[in-house]
Amino acid sequence: MNHGFVKVAAAIPSLKVADCHYNELQIESITLQAAGKGVEIICFPELCMTGYTCADLFQQQLLLEECEASVMKLLTTTRSLDIITIIGIPLEYNGTLLNCALVMQRGKILAIVPKTYLPNYKEFYEKRWFTSGKNHAPAEIRYCGQRILVSAEQIIHSQGCNFGIELCEDVWAPIPPSSNLALKGADIIFNLSATNESIGKNSYLRSLLSQQSARCLCGYVYSSCGFGESTTDLVFAGNALIYENGSLLAQSERFCLHEQLVITEIDVEKLRVERRINTTFGENIRNCNITENYTVVQAESIIPQELTQLSRPVDPHPFVPTGNRLDERCEEIFNIQVEGLAQRVHHINAKTAVIGISGGLDSTLALLVTVKTFDKLGLARKGIVGVTMPGFGTTDRTYNNAITLMRSLGITIREIPIRASVIQHFKDIEHDINIHNITYENGQARERTQILMDISNQVNGLVIGTGDLSELALGWATYNGDHMSMYGVNTSIPKTLVKHLVRWVAMTEADEEERFCLLDIVDTPISPELLPPTEDGQIAQKTEDNVGPYELHDFFIYNFMRFGFRPAKIFFLAKKAFEGIYDEDTIKKWLRTFCWRFFAQQFKRSCLPDGPKVGSVTLSPRGDWRMPSDATSAMWIEECANL
């Protein structure tokens, strides 16, 4: 595997019913195409060698013998290929006929897997011709001159990837065979199908496959009959669908009149991480009553082509959904923030809240959440004390936005300049005010936090934290400064999503004045404004110049924390995600920065205030992330250096 990826394909050949010779040529042609494109495992539809709709022709001896002869030819013509090919055949066995998947590689049959559940209702009459594989004990047979096991309880191991097979109706069962196969170690399930079309069936099918791949934490490759199979009363649209843990990776064109080959990569490493994290999956392995002895079949080693480019998309902004889902996600996140803060305010019977307003993104979102919370609780907005604390780096743009926003929202405004108190503090500790180092910056941040905490005592209120997930991951917060609060509403929201949340509020819940202000805040460069502005009054200290682009860091955070990916894989994915935006050297530079800062700054995350968990990635030491403060980053930094 390359970086944990296995390249798979779902094929839809153009078939002729009951013409095994023609069908074999189509299967052979597509297999050769797939092999040339680096596919490691390819799956064809159910009964593709004969055609699914042969009906009573399945009782014809000629058809069965020609099918075997065509399989023999396919074995010969693909003898030199590494690719594993899965096709559908009817198999005469012990006085019955089985509907089977046949797995082959390098001229060798690896396994024959019979269908378990045979539909025999409405338009389906499979029991008229076939018998369930469960009617027979696993046994070896002779087929195409080879001795091979026939059993539904088989898992094929292929160079780090384990896969299992089920056929069509199997996945529609209350407990599909794929559930047991996954619990027995199958990373990917291949389904050979012949699902005909009817109104609404396709959307249900997609939901079914998505749920099954999510429930089993597996990849799911589905190939169903297409053009050429339609006959009499049935129409087959040609559905090739590839899922990974509930997400659709690739799909075919429905009702296409030509053969199709759908190729993508399944991230087996990611799936295995998901299974390790999900303790319920492990418990189910122990509790599930699987009495069958599953056979593990070893495939030949596949030498994969170097994976220099992925065919599957890589989302550069994994925290930010696209299209209509963005508005839905923003509304849901905002409501989670509000609900969490409402519970805390209600529990302590607070009537006031204190929040520092800088005119930047994070404090703006925190204020919007607080205002919505007070409205929901029926508390007066004047109980929210917004404190703007101009310092050495405050610009007119952020100051005016802070005042305008607070005024338009109708909260209590307090302006407390910190210059004089910070100058006195520098005198007390004998720091030269002209030296703009970490002491100069952090002295201002801690002064602001002290003011907020003391005002909270004055008004008997709650200090609302504004720091976000991205800042916590990078440690871009002053310890016991803006790092500290009484409840942090943004604590599990990354910077890339904060921007969209503020814009969403501006476009959906704000009046004209508020909207204009909020959109200007969204467009303001991200800065702590701790260094003096430029001569023309512009922001001089831009955070992304120091720590790197937040969209890169959020990408690193997601893949590092959510899936435990190593730097080499994150770099590989980032090159695809940010192609044409950042060059390789830039990605390497900031990836190293991320690894170094993430490890070095854990001590700040070990003592975080409470805050609502919003998504699947959070850094709370009481929840999703528990890491020793003194862990070394040496291995991660070394790998970054070797990229």
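User: Which helix holds T593?
Analyst: This is a predicted model. In it, T593 falls within residues 584-600. That stretch is helix α18.

User: Is T593 buried or exposed?
Analyst: The cut-off for buried is under 20% relative accessible area. T593 has a relative accessibility of 19%. T593 therefore counts as buried.

User: Which residues does T593 touch, not counting residues up to four places away in sequence?
Analyst: Contact here means heavy atoms within 4.5 Å. With residues up to four places away set aside, T593 touches V547 and H553.

User: How far apart in space are T593 and G185, C-alpha to C-alpha?
Analyst: Along the sequence, 408 residues separate T593 from G185. In space, their C-alpha to C-alpha distance is 37 Å.

User: What is the span of α18 from its first C-alpha to its last?
Analyst: Helix α18 has 17 residues. At 1.5 Å a residue, 24 Å is expected. The model comes close to that, with a reach of 24 Å.

User: Which residue caps the N-terminal end of α18?
Analyst: Look for a side-chain oxygen facing the backbone nitrogen of D585. One lies 3.3 Å from that nitrogen. The capping residue is D583.

User: What covers the buried residues of α18?
Analyst: The buried residues of α18 include W590, T593, F594 and F598. An α-helix has 3.6 residues a turn, so residues three or four places apart point the same way. The cover over the buried residues of α18 includes α12, α15, α16, α17, α19 and α20.

User: How far apart are the end C-alpha atoms of helix α13?
Analyst: Helix α13 runs over residues 495-508, which is 14 residues. At 1.5 Å a residue, it should span 20 Å. The model agrees, because its end C-alpha atoms are separated by 20 Å.

User: Which helices do the buried residues of α13 pack against?
Analyst: Among the buried residues of α13 are L497, L501, W504 and V505. The buried residues of this helix pack against α7, α8, α12, α14 and α16.

User: Which residues lie closest to the centre of the largest cavity?
Analyst: The whole structure has 4 cavities of 30 Å³ or more. The largest cavity holds about 120 Å³ of space. It is lined by 16 residues, and the closest to its centre are G467, L472, D482, H483 and P609.

User: How many charged residues are in the lining of the largest cavity?
Analyst: Sort the lining by class.

User: Which residue has a side chain joined to that of T524 by a polar contact?
Analyst: T524 sits in the loop between α14 and α15. Its relative accessibility is 7%, so T524 counts as buried. Beyond its neighbours within four places in sequence, T524 contacts R397, T398, N401 and I539. The side-chain polar contact, at 3.3 Å, is with R397.

User: What is the length of the polar contact between the side chains of K351 and N349?
Analyst: Not counting residues up to four places away in sequence, K351 touches F374, L379 and G383. The polar contact from the side chain of K351 to that of N349 is 2.8 Å.

Terms used
Residues are numbered from 1 along each chain as its sequence is written. This is a predicted model: local features need pLDDT of at least 70, side-chain atom pairs count only at pLDDT 80 or more; totals for chains, interfaces and linings use all residues. Side-chain values use heavy atoms; hydrogens and water are left out. Helices (H or I, at least four residues) and strands (E, at least two) are DSSP runs, numbered from the N terminus. Buried means under 20% relative accessible area, exposed over 50%, partly exposed in between (1.4 Å probe, protein chains only). The expected span of a helix is 1.5 Å times one less than its number of residues. On a 1 Å grid over the protein atoms alone, a cavity is a set of points where a 1.4 Å probe fits but cannot get out, and a pocket is an open set with protein on both sides within 12 Å along at least five of seven lines; lining residues have an atom within 4 Å of a point. Grid points are joined across faces, edges and corners, and a volume is the space filled by probe spheres set on the points. Ala, Val, Leu, Ile, Met, Phe, Trp, Tyr, Cys and Pro count as nonpolar, Asp, Glu, Lys and Arg as charged, and the others, Gly among them, as polar. A polar contact is a pair of N or O atoms within 3.5 Å; within protein, one must be able to donate a hydrogen and the other to accept it, and residues adjacent in sequence count only if both atoms are side-chain atoms.
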